[in-house]
Amino acid sequence: MKTLEVKAGNIIIGGDNPIVVQTMCNTHTSDVEASVAQCRRLAKAGAQLIRLTVPSMKEVDSMRKIKESLRAEGIDVPLVADVHFSSEIAIAVASVVEKVRINPGNFHKDHEKAREQFARLVAVCRENGTAIRIGINHGSLGERITGMYGNTPFGMKEAAMEWIGMCIENDFYNVVVSLKASNTIVMVEAYRLLADAMKENGVIFPVHLGVTEAGNGDSGRIKSIVGISALLAEGIGNTVRVSLTEDPQAELAPAQYLSDRYGRRLHSSMVSIQMEEKTAVATYSAPSRERLIEDIAADFGRLLIDRGIDNIIIKGSYRDENGTDIILDGSGFASYLADEMLQATRRRFYRPEYIACPGCGRTMYNLESTFNEVKRRTSHLKGMVIAVMGCIVNGPGEMADADWGYVGEGNGMVSIYRGKTPLLRHVPESEAIDRLLELIDKEEAAL
Ligand code: SF4
């Protein structure tokens, strides 16, 4: 899908340009030294755009210092300010960074005021050559949109088109759009609706792709690649972030894989495929475990999401880190990968479904180790949706359709949610997983 070109510093997103790889810092932005160190490391590892959270006016100044330090070192990676709940912060930081991400669901409570504030933001961006991302998330659509359209892919598309309309009204086109969701089916449908609507409208903005709260490890990578590749295969998507609850550097390899594969610089390691009714039997000769996982997710994600196939059987081999070829035929690992693919595409749930944010400068606890512990202790709860979120500001809104939520409050405290309702507040971190499991057990016993 040929889009407009958007300029963010030295990077062009859209048009015929390669798919841009991006990530986000998880440092506290106010910790300038740590943020500069992380940006330096990420830029060296291949990040082409780096986002940092700007939770208050204080961090606007931190962003300025971070940018100055990086530029003084000759690191010219464009910086993106991630802003929620304050249009004034977005306006203030727009003259500092190369791109500002706003969330229409929380840009301003009052819609008419939001239009005025957006016009002010556009004026600052125009003057400074700053790009904007209209970053809509399934979990935080805002009451006005959910009241009209429900919490649906259609509602996400309508919200995006409304804000795209505001960009066009303001004659401002340096804009990228995203419609992320944790549910891959919702995410793919929303982006497809958006692509059709933009084509019909005659102005096609570049698209940022991502699966939110995908978690970590194999499942986080598979879920992200399934959703993102389904769209890239259709020519939708100009920049990608693979959000993982891990060190942000870990996001770059799978994101680069997607950029290379859909930029036609890389081919699947699948050597043959046979169909047995609606089961695909695929044979691989993969150069590594990582590549095997990436190739399977990209080869079969779209087919499973669109119900072109119902199952996959994986055969062949991959090469491990010692150079040994590991045979997949009939192995537990091959069936685990097939199970993960069915879970990521929501065709069959063989374990709990986890939603975990990647963490950012708002996170006040060790998200990755807590998430791993929650996974370890809840692995028996097949089919249940459990969220582990880094902050109380965005966490409850972003955990979408989770049955249970573990949400960090800061200062060593946690809130436990049942759906959208907080059942326990101010639980010390050391007790929080126990309290969560007690509540789940109590409810299961009452059923
Ligand atoms: S939910 Fe997670 S990623 Fe989102 S703002 Fe909070 S800590 Fe950051």
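**Strands, helices and ligand shell**

Mentor: Strand 13 (residues 311-319) and strand 14 pair in the antiparallel sense over three bridges. The model is predicted, so that local features need pLDDT of at least 70 and side-chain atom pairs count only at pLDDT 80 or more, while totals for chains, interfaces and linings use all residues. Residues are numbered from 1 along each chain as its sequence is written.

Trainee: Which are the edge strands of the open sheet?

Mentor: The sheet has four strands in the order 11-12-13-14, with mixed pairing. The edge strands each pair on one side only: they are strand 11 (270-276) and strand 14 (325-327).

Trainee: What angle does the direction of helix 10 make with that of strand 12?

Mentor: Helix 10 (residues 289-305) packs on the sheet and touches strand 11, strand 12 (279-286) and strand 13. Contact here requires C-beta atoms, placed from the backbone, within 7 Å. Axes are lines fitted to C-alpha atoms, for helices over the stretch in contact, and angles run from 0 to 180 degrees between N-to-C directions. The angle between helix 10 and strand 12 is about 150 degrees.

Trainee: How are helix 7 and helix 8 oriented, roughly parallel or roughly antiparallel?

Mentor: The axes of helix 7 (residues 184-201) and helix 8 (residues 217-232) come within 10 Å and cross at roughly 20 degrees. Angles under 35 degrees count as roughly parallel, over 145 as roughly antiparallel, 65 to 115 as roughly perpendicular and the rest as oblique. Helix 7 and helix 8 are therefore roughly parallel.

Trainee: Which residue takes a positive phi in the hairpin of strand 17 and strand 18?

Mentor: Strand 17 (residues 404-410) and strand 18 (residues 413-418) run antiparallel, joined by six bridges. Two residues lie between the strands, and the one with a positive phi, near 55 degrees, is Asn411.

Trainee: Which residues are closest to the ligand?

Mentor: The ligand is surrounded by 13 residues, a residue being near if its C-beta atom, placed from the backbone, lies within 6 Å. The closest are Cys357, Cys360, Gly390, Cys391 and Asn394.

How values were computed
Two strands pair if DSSP finds at least two bridges between them. Two residues are in contact if their C-beta atoms, placed from the backbone, lie within 7 Å.
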